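The tour has two stops.

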Amino acid sequence: MPLSAQGGEVTSEDRILSDDITGAKILIADDDPLCRQLVAGVLRQQKFTRLEFADGGRSALEQVRSFRPDLILLDMQMPDLNGLDVCGQLRADPDFADVPILLQTATVDRKKMGELFCGGASDFLSKPVNPSELIARVVAHIERWNSLRELRFYRERISRELEAARRMQFELLPEPAALQEAAHALGLRIASYNRPSSELGGDLWGVLPIDDGSFGIFLADFTGHGVNAALNTFRLHALIHEYKELHGDPGALVSMLNERLVRLLRIGQFATFLYVVVDHQKGEIRFASAGAPPAILVQGTAARARLCDTSSLPLGIERGVQYLTSKRRFPAGSLLLLFSDGLPEFPNAKGRRIGDKGLVTALNACPAGLTPKEVIDQLCAAAGITATSPLPDDTTIVCLDRRIAPRATPCDDGRAVRTPAAKQVPTNLSNGAQ
Amino acid sequence: MQIHMDNAGGPIAMSGEFTFSDHVPFKQMVTEIFAAPGRSVVIDLSKLDFIDSAGLGMLLLARDEAKKNHRELILRRPSGQVKRMFAVTKFNTLFTVEE
């Protein structure tokens, strides 16, 4: 049975409009009072109530600024300022750049119609006014305007919230000035680089004070990035600080974090984690890894860089894993580099990735005497990361060395100090780009 | 990443780069392979050039799905960066990996 056989013809007048639509503020600008009344009558019949009027082009411009309408009905022919000029002036104002403007015109000349759209009109209305056409066009434009505005509000709210979350996450990271001071007091220099691939990231690093002779440094990287990974970094941060008594024992801390995260993370989520205790008093480092990319270690100013074996299961996958502590010498002149996989896996302009071994080569090629910040800059350059490159993955790099020039004597390996101490002290502990 | 499947129950092959952006086709593939009857599922990784941590996470989801369905999941011949990733993360202890 054809649908048209049922019921009467549905016209736009029969449609019941929602309050979102009829509550819209509409400005009617026409120099002819009769025309204003006619248009207002049609709109009022459809329960539009928030109507304002302007009797010319100039008064339309004033009214727009005070009334701030959701839709403007402009007559094309007004003696003081025609509809197209009003339209042009409004479009030039960012506040009204996309408010719906419907121009009323008696013209049927297609070329002139084209000019209306070029002049910024959202649509046109034929004159004399046709009630069904008027309502149909007004409703369509208000619906579009409402959804545009909702989307805009939503986007603004989300971006405000992400910004607040980003700041909170940033606050989890070591505070650069305090870090510089603490490192310098221990005869160390430290610099870091941390950039998420979107507003929020899944990387986290931090420094844990242990005692006068040693401190801990950790770097974590959760699977994925964005909000989900970022929330997990907050969880991990809380857990790490819950087990203060394990901060001196890398294997025990990592094993404990794994037990906790296995219960918290959903299947398919995990974190790679590297925890290093830097014992500057004994001149050694002790570390435990959970599937983290290898750390790079240079044992003294004359030594070559090499990878530390960090292979092990990431955190949060299997219960009962016992993570072991490894030990390496860390004499004066040593350098330690920790990084998340965002660095070795960054695809450069040619789509190539530097990889862990490429980083070792790049580090060995660094001129002697660089500060940790300069080392990080060199490695980023070698990987193809620039200040403006979009990052496909969150990227964290921490570089720490024991290369502060001794106060009086040359370095213990007999080489002369290559960088003037005066240049090093104030700048070399600066935190890298954030 | 591309997934090559034949309907004769032969091995499934993955090629290209397996990253976060592949999670929809990969999950769909996992649903399909465990819906079909059989004992073991073989995924050939010899043509897979790159895997990131999101890719590894998806392999864990497939492993979980296999366990739930009492099926065996075999990963065949990882090479290059994929093999290195498996070594660093000891993923070869979580899966049956055939060289």
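The model is predicted, so local features need pLDDT of at least 70 and side-chain atom pairs count only at pLDDT 80 or more, while totals for chains, interfaces and linings use all residues. Residues are numbered from 1 along each chain as its sequence is written, chains are lettered from A and ligands numbered from 1 in the order in which they are written, and side-chain values use heavy atoms, with hydrogens and water left out.

**Stop 1**

Select A:Pro294, A:Gly355, A:Asp356, B:Arg84 and B:Val88, which of the 23 lining residues are the closest to the centre of the largest pocket. Its volume is about 510 Å³. A pocket here is an open set of points on a 1 Å grid over the protein atoms alone, where a 1.4 Å probe fits, with protein on both sides within 12 Å along at least five of seven lines; lining residues have an atom within 4 Å of a point. The volume is the space filled by probe spheres set on the points, which are joined across faces, edges and corners.

Next, colour α10 (355–364) of chain A and α3 (80–88) of chain B, the elements that give two or more residues to the lining. Helices are DSSP runs (H or I, at least four residues), numbered from the N terminus. α3(B) gives the most, with four residues.

**Stop 2: the helix pair**

Select α1 (residues 23–35) and α2 (residues 53–68) of chain B, whose axes come within 11 Å and cross at roughly 15°. Axes are lines fitted to C-alpha atoms over the stretch in contact, with angles from 0 to 180 degrees between N-to-C directions. α1(B) is therefore roughly parallel to α2(B) (angles under 35 degrees).

Show side chains for the contact (heavy atoms within 4.5 Å): among them are B:Phe26, B:Val30 and B:Phe34 of α1(B) and B:Leu59, B:Ala62 and B:Glu65 of α2(B).

Note on methods
Parallel < 35°, antiparallel > 145°, perpendicular 65-115°, else oblique.
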